[in-house]
Amino acid sequence: MGNCCSVSSASTVEHLGTRHAPPALGVSNRVVYPPQNAGDVQVVVRSAKWAANAAERTPAVVKLTPQHAFVALFDGLGDRGDSIAAFCRNCVYEVFLECCLLSQGDLSAALKATFAKLDERLLSSPHVPAQVKAASGASGVIAYIDLATQQCLVANVGQAHCLLGRIVGSFNAKLPEGFFLSADHTLSNKGERVRVHKRTLSDPEGGGGAAGATTQLVDGVELVQGVTQLTRALGFASCKQQRSAKRGGAISCTAEVTEHRLTPTDQHLIIGSSGLWDVLGPQDAALRSHFYEKMVMTEAAKAAAAAAAAGQEGSPPLSPSTRQPNTAEHLVLYGASKVADRLTRETCQVEPLSVADLMQIPFERPPPRDPAAAAGEAGQGESSDAAAGEEEEEPAPFIRRELHGDLAAVVVSLRWQSLSMDDQMRAVLAAAAAQRAATAAGGGGGKGGQGGEEEYMRRRAQALWGQVRMLAEFHRVYRRTLLRRWWDAADQVYRHGKIRARGLQDRILSEQAQQVANLRASAGSPSSSWRGKQAASNKLRESVSGRTPASTAKQPSLRGSVDAGQTR
């Protein structure tokens with residue numbers, strides 16, 4: 001689907017040769033785990049990664065048993081964050097099992113204790129240097145699925161998230177949507193910002209100064225104590241100095257746990273690193289996962305029906321697109337294509353960059369050349385200088401860490417047997433089409449190898465046409481989703497405006513009523529009101545003309561005539 005499927009992990013050797021290890025260039029750690037059946041649901045786990053750091057390779061920890069599915073992903077942060085993430089991956093499952101025994105069946109408490117104990121073991125480990133633990137850390141997310149009760153628990157710290165992709169709507173209005181089951185623990189979260197300020201400023205021993213300074217601006221970016229944007233993370237020992245017996249530092253390792261009971265409308269659990277969610281939105285990930293697996297399952301059903309209709313071992317080979325799918329690899333490549341599009345816009349390239357172009361970007365810049373060695377080489381002949389100038393490569397303008405973070409994803413696909421009516425109908429239609437194709441091929445037999453080659457090309461063309469149709473359907477649903485989100489936003493703005501207008505109208509009416517009440521209280525009866533105004537006007541006239549009260553008393557006829565006229 002789209003240009004993100006045009007480059008696979010096998011094509012990385014063709015582009016860059018042996019300059020780096022091939023798995024680190026494109027998609028690495030492409031793993032499809034065996035499916036695990038539990039009741040009416042089948043769990044399939046797939047993982048993949050597009051690395052931004054050459055040192056870190058393994059994206060996640062996956063443990064599948066007949067009782068549960070355990071997935072943990074850690075994303076390193078800082079200069080040596082890969083060391084922190086590797087330490088957490090090596091210990092997380094062992095620590096989780098220990099916490100499960102101590103929690104006596106409370107999985108939510110066990111997950112929280114897992115992060116706390118993992119951070120404690122990390123900070124006290126002699127195998128990790130102190131300077132690494134002080135300025136580096138890791139985000140983490142753990143997804144636990146109880147296959148017997150179909151209960152899902154997600155715990156996370158930092159910016160590593162777990163997304164739930166599910167089908168909403170009914171009949172022809174069915175749409176896949178994505179919902180995060182994890183929280184964002186950064187300063188952009190208002191609740192986390194308030195929590196950090198309360199955690200540090202309420203410490204009686206904080207005393208202000210460097211310890212009391214909660215956030216600092218570094219190059220225009222607000223950081224917690226000038227170290228990181230995260231408010232919860234593993235590591236970062238410099239922000240976790242125990243200044244009192246009750247409170248720690250600004251950054252916490254307390255995980256936030258979300259519980260969710262899986263239903264037949266749930267399709268995927270997508271566990272991704274912070275680099276993946278920087279380029280992919282929840283709706284993009286849910287739509288891509290849904291349509292990619294739908295396309296692959298449709299092609300697989302057609303291939304199986306064709307093989308069953310042929311009934312011979314020498315049947316034409318399957319199309320390459322019907323190989324075992326990896327939804328995680330598809331999402332990672334889609335994220336890489338997003339990075340390439342963003343780089344095209346930022347660098348104002350005439351031709352759009354592709355994923356293959358992104359592979360050419362190195363992990364590190366080459367070290368600068370020694371001036372003495374360069375001067376020695378310059379003393380050689382002009383011919384050798386010319387040859388050296390031709391062979392010398394320009395330094396790379398970018399490295400991968402400057403463009404994106406690690407694009408790591410683990411996709412847990414949920415295949416429900418109770419919703420297999422569409423799959424059964426699809427299989428019946430595919431079998432009927434394969435039977436018609438086999439009958440047509442048998443009527444025109446005698447072509448030998450040429451007929452098998454034509455059959456293979458026909459099936460390959462059908463597979464490509466199916467991809468085009470699925471891509472068109474994806475964009476149609478995506479436009480419909482965007483339109484619905486636009487209408488929802490417009491409706492929300494209208495409702496908020498209506499509420500504000502009603503409140504403003506009520507306030508204006510109350511102010512008018514208060515003004516009327518004040519006028520009535522100050523004015524009194526109509527006659528006294530007129531006499532009070534008349535007396536005030538007389539006093540004003542006296543002060544202006546300089547008359548005395550005695551002089552005003554000499555004009556009773558004028559005032560009496562005015563009073564008589566008013567009385568009439």
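Predicted model: local features only at pLDDT ≥ 70, side-chain atom pairs only at ≥ 80, totals over all residues.
**Figure 1. Strand 6 and its partner strands.** Strand 6 and strand 12 (residues 234-235) are paired in the antiparallel sense, with two bridges between them. Strand 6 and strand 7 form a hairpin with four residues between the strands, where Gln 150 takes a positive phi near 55°.

**Figure 2. The two faces of strand 6.** In a regular strand the side chains alternate between the two faces of the sheet. Along strand 6, Gly 137, Ser 139, Val 141, Ala 143 and Ile 145 point one way, whereas Ala 138, Gly 140, Ile 142, Tyr 144 and Asp 146 point the other way.

**Figure 3. The largest nonpolar core and another core apart from it.** In soluble globular proteins, nonpolar side chains tend to be buried together. The largest nonpolar core of this model has 31 residues, and those with the most contacts inside it are Phe 70, Phe 74, Val 92, Phe 115, Leu 118 and Leu 234. Two or more residues come from each of strand 5 (68-77), helix 3 (81-103), helix 4 (107-123), strand 6 (137-146) and strand 7 (151-157). Helix 3 gives the most to this core, namely ten residues. Another core, of 27 residues, lies apart from it, and among its members are Val 45, Ala 69, Val 154 and Ala 160.

**Figure 4. Strand 15 between its pairing partners.** Which strands pair with strand 15? Strand 3 (residues 41-50) runs antiparallel to strand 15 and is joined to it by ten bridges, one place to look being Val 43, whose bridge partner in strand 15 is Leu 414. Strand 14 (residues 266-272) pairs with strand 15 as well, again in the antiparallel sense, over five bridges, and in this pairing Leu 269 has Val 412 of strand 15 as its bridge partner. Strand 15 (residues 407-416) is mostly covered, since nine of its ten residues are buried.

**Figure 5. Cysteines without a disulfide.** A disulfide is a covalent bond between the sulfur atoms of two cysteines. With a cut-off of 2.5 Å between sulfur atoms, the count for this model comes to zero disulfides. Cys 162 is in no disulfide, and the nearest cysteine sulfur, which belongs to Cys 152, is 5.8 Å away. Cys 162 counts as buried, with 0% relative accessibility, and Cys 239 is buried too, with a relative accessible area of 1%.

**Figure 6. Glu 364 and its surroundings.** Glu 364 is found in the loop between helix 11 (355-359) and helix 12 (371-378), and at 43% relative accessibility this residue counts as partly exposed. How far apart are Glu 364 and Arg 400 in sequence and in space? They are separated by 36 residues in sequence, and their C-alpha atoms are 7.8 Å apart in space. When the neighbours within four places in sequence are left aside, Glu 364 is in contact with Ile 399 and Arg 401.

**Figure 7. Confidence along the chain, to be read with the other views.** The mean pLDDT of the protein chain is 74, and 67% of its residues reach 70 or more. Among the elements of the chain, strand 7 has the highest mean pLDDT (94) and helix 1 (residues 12-16) the lowest (29). Over residues 2-24 the pLDDT stays under 50, and the model has 36 contacts beyond four places in sequence for this stretch. Residues 312-323 also have pLDDT under 50, with 22 such contacts in the model. As background to these views, the protein chain has 19 helices and 15 strands, and 39% of its 568 residues count as buried.

Terms used
Residues numbered from 1 in each chain as written. Heavy atoms only, no water. Buried < 20%, exposed > 50% of the residue type's maximum accessible area, 1.4 Å probe, protein only. Pairing = 2+ DSSP bridges. Contact = heavy atoms within 4.5 Å. Core = buried A, V, L, I, M, F, W, Y, C linked by side-chain atoms within 4.5 Å. pLDDT = per-residue confidence, 0-100.
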